[in-house]
Amino acid sequence: MSQTLIVRRAYNLHLIEQENRRLATQSGDGNTVLGGLITSAPEMVKVARTIERVANTNVSVMLLGASGTGKELLARGLHDASSRKDGAFVAINCAAIPENLLESELFGHEKGALTGAVKTTEGKIEQAQGGTLFLDEVGDIPLPLQVKLLRFLQERTIERIGGRKSIEVDTRIVCATHQNLEAMIADGRFGEDLFYRLAEIVVKIPSLAERAGDAPLLAKAFLKRFAAEMNPQVKGFAADALAAIDAWPWPGNVRELENRVKRAVIMADGKLVGAADLDLAGPGSDDDLPLNLKSAREESDRKVIRHALARSDGNISSTAKILGISRPTLYDLLKQYDLQT
Ligand SMILES: Nc1ncnc2c1ncn2[C@@H]1O[C@H](COP(=O)(O)OP(=O)(O)OP(=O)(O)O)[C@@H](O)[C@H]1O
Ligand SMILES: [Mg+2]
């Protein structure tokens with residue numbers, strides 16, 4: 001991506017953020033919809049819009065995204081944006097529960113139906129009555145149980161293990177997986193019928209690296225939160241930290257970012273968190289260092305302006321203040337470097 005494009009994106013940040021805030025507070029009662037979702041990236045705003053649009057229908061939604069991209073946050077946001085928001089949001093991580101317990105977790109059991117079943121217990125499906133059931137890592141449900149789940153989705157009734165009566169359950173299904181279900185269907189490891197029941201709407205969540213500008217934005221929000229909770233002397237990021245955050249590929253997505261910022265805030269000595277505190281201080285390569293003085297200066301100007309814009313959320317007055325120049329001078333520079341929108 002060219003420098004100009006990057007700067008344009010930074011410059012556009014505040015507009016997109018405004019739109020994002022507007023989107024986030026659109027619900028009639030003033031509660032935030034998709035609460036807590038932070039993004040300035042059009043790719044992610046589009047995801048949020050899709051979620052909002054489908055929230056009030058009963059269609060099943062499948063969220064596809066790598067680990068840490070915000071699948072659970074979006075599932076919760078979907079529930080909160082729906083007319084079921086006063087019902088329960090029940091999440092079950094199908095990968096975290098041993099196979100032999102998963103059936104009882106989902107469907108519940110009657111007293112005495114299993115060893116150790118000392119009392120009748122409702123399963124997660126039943127607990128989500130009137131609300132939303134979030135089936136996380138749905139690709140990890142073993143085949144026999146997939147059949148049982150499909151039957152529930154077709155008939156909307158369940159029977160607890162060891163139970164004789166069928167219980168009607170009205171719940172909205174949202175599921176997520178990081179697995180390639182199409183490949184699993186091809187190998188016979190995931191039922192095609194179940195897939196189509198679960199995936200009436202499929203939402204692909206972009207990785208953090210695909211959301212230009214989001215890493216620094218999220219980092220600032222996390223820093224603010226963790227500093228308030230754990231280390232109030234920390235006030236912000238040093239410039240090298242923001243640059244490193246911008247450049248890092250974030251294989252663990254938002255979860256990795258959140259963890260690194262949390263650790264850095266806890267460990268920080270001074271007011272500013274540096275790249276080293278984030279464990280992102282790379283060796284630094286001189287390979288692409290421009291040796292022409294004029295272009296080196298321009299490049300460094302662009303970089304500094306970009307950071308100042310990002311730190312002030314695109315506000316011209318505060319950007320000028322950070323840079324120690326007047327507003328007209330800043331406007332001149334933006335023009336000179338073709339940074340205006
Ligand atoms: N866009 C976002 N804005 C603010 N916080 C976010 C955003 N995306 C994710 N988070 C936060 O990052 C963490 C990871 O998100 P979440 O648990 O929703 O991801 P996930 O895709 O379910 O991850 P995993 O695959 O690891 O279960 C959570 O603490 C969540 O609140
Ligand atoms: Mg999750």
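A residue counts as near a molecule if one of its heavy atoms lies within 4 Å of that molecule. The model is predicted, with local features requiring pLDDT of at least 70, and side-chain values use heavy atoms, without hydrogens or water. Residues are numbered from 1 along each chain as its sequence is written, and ligands are numbered from 1 in the order in which they are written.

**Exercise 1.** Find which residues come nearest to ligand 1.

*Solution.* Begin with the 16 residues around ligand 1, and then pick out Ile 38, Lys 71, Leu 73, Arg 255 and Glu 258, which come nearest.

**Exercise 2.** Find the distances from an oxygen atom of ligand 1 to polar backbone atoms of Lys 71 and Gly 70.

*Solution.* Take a polar contact as a pair of N or O atoms within 3.5 Å. For Lys 71, the distance from a polar backbone atom to an oxygen atom of ligand 1 is 2.9 Å, and for Gly 70 the corresponding distance is 3.1 Å.

**Exercise 3.** Explain why ligand 1 lies between domain 1 and domain 2.

*Solution.* Take the domain bounds from an automatic or database domain assignment: domain 1 covers 53–208 and domain 2 covers 209–336. Because both domains give residues to the shell around ligand 1, the ligand lies between them.

How values were computed
Predicted model: local features only at pLDDT ≥ 70, side-chain atom pairs only at ≥ 80, totals over all residues. Polar contact = N/O pair within 3.5 Å; in protein donor to acceptor, adjacent residues only side chain to side chain.
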